[in-house]
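Please work through the exercises below with the sequence and the 3D structure open beside you, and try each task before reading its solution.

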Amino acid sequence: MDKQQDRQQDEQQAGQRDAQASDARPVLEGPDIARVLTRIAHEIVERAKGADDVVLLGIPTRGVFLAQRLAAKLEQITERKVPCGSLDITMYRDDLRMHPPRALARTEIPGDGLDGRLVVLVDDVLFSGRTIRAALDALNDLGRPRAVQLAVLVDRGHRELPIRADYVGKNLPTSLRETVKVQLAEEDGRDTVLLGAKPTAQ
């Protein structure tokens, strides 16, 4: 009887999660994401006066794919290849003790390094700012850039640290009871940004 009750409870919780997921609504679709990345690329070129010394570093997972897309758009605009890499921040997070062990992602720094370059960090969602603080700590161990900027697809607010993005695809006011999920074709099979209710803890 206990097993049957447990199974029914698991099924009920799964149904609640599915209902919450189905309530998520798209706030950006594939064409929208392509447009905002094109705009961000033009803004980078304008602010960097040509992007000659720009290096893009994506924060895994989806920030890496966004950085690669931005690099391709910058190459179209400037007709020059823009160095692009990835920056794993796992060991620099301040919540390591509060969560299960995380798998390490890859850090790939372009061959010319970061010293004296304009490094643009790229991430999918800017929320509390703690991920970016960890990224800045990681950068400190890898070189001394001329300057560091931040590009994000979505800024959902609720900052806990004095961090802001230099380039934003979409400012999306949210409540703490909501969740923002970015899906990209390289990882999820489609491009979309979903806004929905935060799963209820049981």
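This is a predicted model: local features need pLDDT of at least 70, side-chain atom pairs count only at pLDDT 80 or more; totals for chains, interfaces and linings use all residues.

Residues are numbered from 1 along each chain as its sequence is written, and side-chain values use heavy atoms, with hydrogens and water left out.

**Exercise 1. State how many helices and strands the protein chain has, and give their order.**

Helices (H or I, at least four residues) and strands (E, at least two) are taken as DSSP runs and numbered from the N terminus. On that basis the protein chain has 5 helices and 8 strands, and from the N terminus on the elements follow the order α-β-α-β-α-β-β-α-β-β-β-α-β. As a last step, consider burial, where buried means under 20% relative accessible area, exposed over 50% and partly exposed in between, with a 1.4 Å probe and protein chains only: of the 202 residues of the protein chain, 43% count as buried.

**Exercise 2. Work out the strand order of the sheet formed by 5 strands, and find its edges.**

Two strands pair if DSSP finds at least two bridges between them. Begin with S2 (residues 54-58), which pairs with S3 in the parallel sense over 3 bridges; within this pairing, Leu-56 has Cys-84 in S3 as its bridge partner. S2 also pairs with S4 in the parallel sense, over 5 bridges, and here the partner of Leu-57 is Leu-121 in S4. Next, S4 and S5 are joined in the parallel sense over 8 bridges, with Asp-123 bridged to Val-152 in S5. The complete order is S3-S2-S4-S5-S6, an open sheet with parallel pairing, and its edge strands are S3 (84-86) and S6 (167-171), each of which pairs on one side only.

Strand S4 deserves a separate step: 9 of its 9 residues are buried, so S4 is largely enclosed by the rest of the structure.

**Exercise 3. Describe the sheet formed by 3 strands, and say why one side of each edge strand is left without a neighbour.**

The order in this open sheet is S1-S8-S7, and the pairing is antiparallel. Strands S1 (25-29) and S7 (178-183) stand at the edges with a single partner strand each, so one side of each has no neighbour in the sheet. S1 is joined to S8 (residues 192-197) by 4 bridges, and the two run antiparallel; Pro-26, for instance, has Leu-194 in S8 as its bridge partner. Helix H2 packs on this sheet, touching S1 and S8 (contact means heavy atoms within 4.5 Å).

**Exercise 4. Classify the packing of H2 against H3 by its angle, and name residues that meet.**

Axes are lines fitted to C-alpha atoms, for helices over the stretch in contact, and angles run from 0 to 180 degrees between N-to-C directions. H2 and H3 (residues 62-78) pack at an angle of about 60 degrees, with their axes 9 Å apart. That makes H2 oblique to H3, since angles under 35 degrees count as roughly parallel, over 145 as roughly antiparallel, 65 to 115 as roughly perpendicular and the rest as oblique. Among the residues of H2 in this contact are Ile-33, Leu-37 and Ile-44, and those of H3 include Leu-66, Leu-70 and Ile-77.
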